[in-house]
Amino acid sequence: MDRIPILRMGEFLLVTIQVDMHDQLALRLQDDLTQAIDKKGAKGVLIDISGLEMVDSFIGRMIADISGMARILDARTVLVGMQPAVAITLVELGLSLPGVATALNVERGMQLLRNTLDKADADSALER
Amino acid sequence: MAKKNSISEALANRRDDIQSQWTGELKSSISTSAKGRLTSAEAADQAKQFLDLLHPALQTLQLDDINGSEWSDVRAFLDDLSKRRVLAGFSSDETAMFIFSLKRSLFDALKQEFSGDAMQLAESIWQVTVLLDKLGLHTIKSYQKSREDVINRQQQELLELSTPVVKIWDGILALPMIGTLDSARTQVVMESLLQRIVETESQIAIIDITGVPTVDTLVAQHLLKTVTAIRLMGADCIISGVRPQIAQTIVHLGVDLQGVTTKANLADALALALKRSGVSFTKH
């Protein structure tokens, strides 16, 4: 069975979805990703969906779920490179993905992750 | 029961009388209503062409059904005539009068032809009336169809005209919306804006609604959808040009615009967008 590769970049995990998702693949990714966050102690997850041309309500919810799970495991999720057609579909499905950070491309996504982590660090330093 | 081909014979015999009388009537109606949109020579020419086509169609004896293939030439001529009259700015009744004004001349011809036989005359006149009514209705139908085509084309052009996405700074797009927002237009606007965001990798999109006359719940919902889609793509959205009246309506309607940045005018929105992208100006 095929699976979506999860790459590690420093304290971030990089997931690039290049094929059209089917439900099994999505569930498998959810499993793999949560385990990878746990094992590698990742602070941020970057999901690149620029290759994703089609979504349904299941995949849309899965994306929101992954973000929620990562959050509980203390990692921020940024979704990058969403295609216009995918964005319109998600909005029409009523899935506005609240709480999921988004960016136009991988570069900006990385920047956003670093910024939020720096800010989180600064906040915790202040608390101390 | 009158023999049907006797009508076509009668018309063939009296062809010249009919044409000259009909042309005369067309001319007089043109001089009162058309005023320069159609010359009397053109009208006479059209009358001649129509009679040329009518005669072979009558000979086929299919007087009840003008939708058959025997009448296709006549129908094509009337379609073409209606289309041209639509473009010239004629009204529907003026266009239909082209056919109905033929009645008088045809009846006169039949009267002379069957002067000795009242039954024959009545029957023929009835058949010709039915036929001409059908042709007249067909003319009106194709007149309306031509007009709807014109309206559809204009609607399409309006749709394309009214949704320009402008790049006003590196990484900043502006979309000045003009006219009422309906579902179809919002869809087009949303698609072209999202497409341009991908192409230009813009971080910020400004939607200016100065030109939107009214905002109701539906329009507000469309705006919110667009804003959400933009956010999903990873860009920010600012709505500008909210007039006091519209601000009041939005609050009265109970539309939740929380989480959406709104500005009173485009200048403020641009200033905010520039500030967010780290651009600053100094006066000299």
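Predicted model: local features only at pLDDT ≥ 70, side-chain atom pairs only at ≥ 80, totals over all residues.
**Strands, helices and the chain contact**

Leu173(B) has Ala205(B) as its bridge partner in strand β3(B). Strand β2 of chain B covers residues 172-178 and strand β3 of chain B covers residues 204-211. The two run parallel and are joined by six bridges.

Five strands make up an open sheet, in the order β1-β2-β3-β4-β5, and the pairing is mixed. At the edges stand β1 (166-169) and β5 (261-262) of chain B. Each of these has a single partner strand, so one side of each is left without a neighbour in the sheet.

Helices lie across the sheet. Helix α8 of chain B, residues 183-200, lies across β1, β2 and β3 of chain B. The direction of α8(B) is at about 165 degrees to that of β2(B). Helix α9 of chain B, residues 217-233, lies across β3 and β4 of chain B, where β4 is residues 236-240. Relative to β4(B), helix α9(B) runs at about 150 degrees.

The next step is how these helices meet. Two packed helices are described by the angle between their axes and the distance between the axes. For α8(B) and α9(B), the axes come within 10 Å and cross at roughly 20 degrees. Angles under 35 degrees count as roughly parallel, and α8(B) and α9(B) are therefore roughly parallel to each other. The crossing of α8(B) past α9(B) is right-handed. From α8(B), the contact draws on Thr186(B), Val189(B), Met190(B), Leu194(B) and Ile197(B). From α9(B), it draws on His222(B), Thr226(B), Ala229(B), Ile230(B) and Met233(B). Sorted by class, the contact of α8(B) with α9(B) has seven nonpolar and three polar residues, and no charged ones.

Further along chain B is helix α10(B), residues 244-253. Of its 10 residues, the number buried is one, so α10(B) lies largely in the open. Gly254(B) follows α10(B) and has a positive phi, near 75 degrees.

From the N terminus on, the elements of chain A run β-β-α-β-α-β-α-β-α. Chain A has 128 residues, of which 34% are buried. Taking the contacts in chain A between residues at least 6 apart in sequence, 80% join residues at least 24 apart.

A helix pair in chain A is formed by α1(A), residues 23-40, and α2(A), residues 57-72. These helices pack at an angle of about 10 degrees, with their axes 10 Å apart. Therefore α1(A) and α2(A) are roughly parallel to each other. On α1(A), the contact is made by Asp23(A), Ala26(A), Gln30(A), Leu33(A), Thr34(A) and Ile37(A). On α2(A), it is made by Phe58(A), Ile59(A), Met62(A), Asp65(A), Ile66(A), Met69(A) and Ala70(A). By class, the contact of α1(A) with α2(A) has nine nonpolar, two polar and two charged residues.

Finally, the two chains touch. The contact takes 14 residues from chain A and 15 residues from chain B. On the chain B side, α8 and α9 each supply at least two residues. The largest share of that side, six residues, comes from α9(B). The side of chain B that touches chain A has seven nonpolar, four polar and four charged residues.

Notes: Residues numbered from 1 in each chain as written. Chains lettered and ligands numbered in written order. Buried ≥ 20, exposed ≤ 12 C-beta atoms within 10 Å, placed from the backbone. Helix = DSSP H or I, 4+ residues; strand = E, 2+ residues; numbered from the N terminus. Axes fitted to C-alpha atoms, helices over the stretch in contact; angles between N-to-C directions. Parallel < 35°, antiparallel > 145°, perpendicular 65-115°, else oblique. Contact = placed C-beta atoms within 7 Å. Nonpolar A, V, L, I, M, F, W, Y, C, P; charged D, E, K, R; others polar. Pairing = 2+ DSSP bridges. Left-handed = near helix turned anticlockwise from the far one by under 90°.
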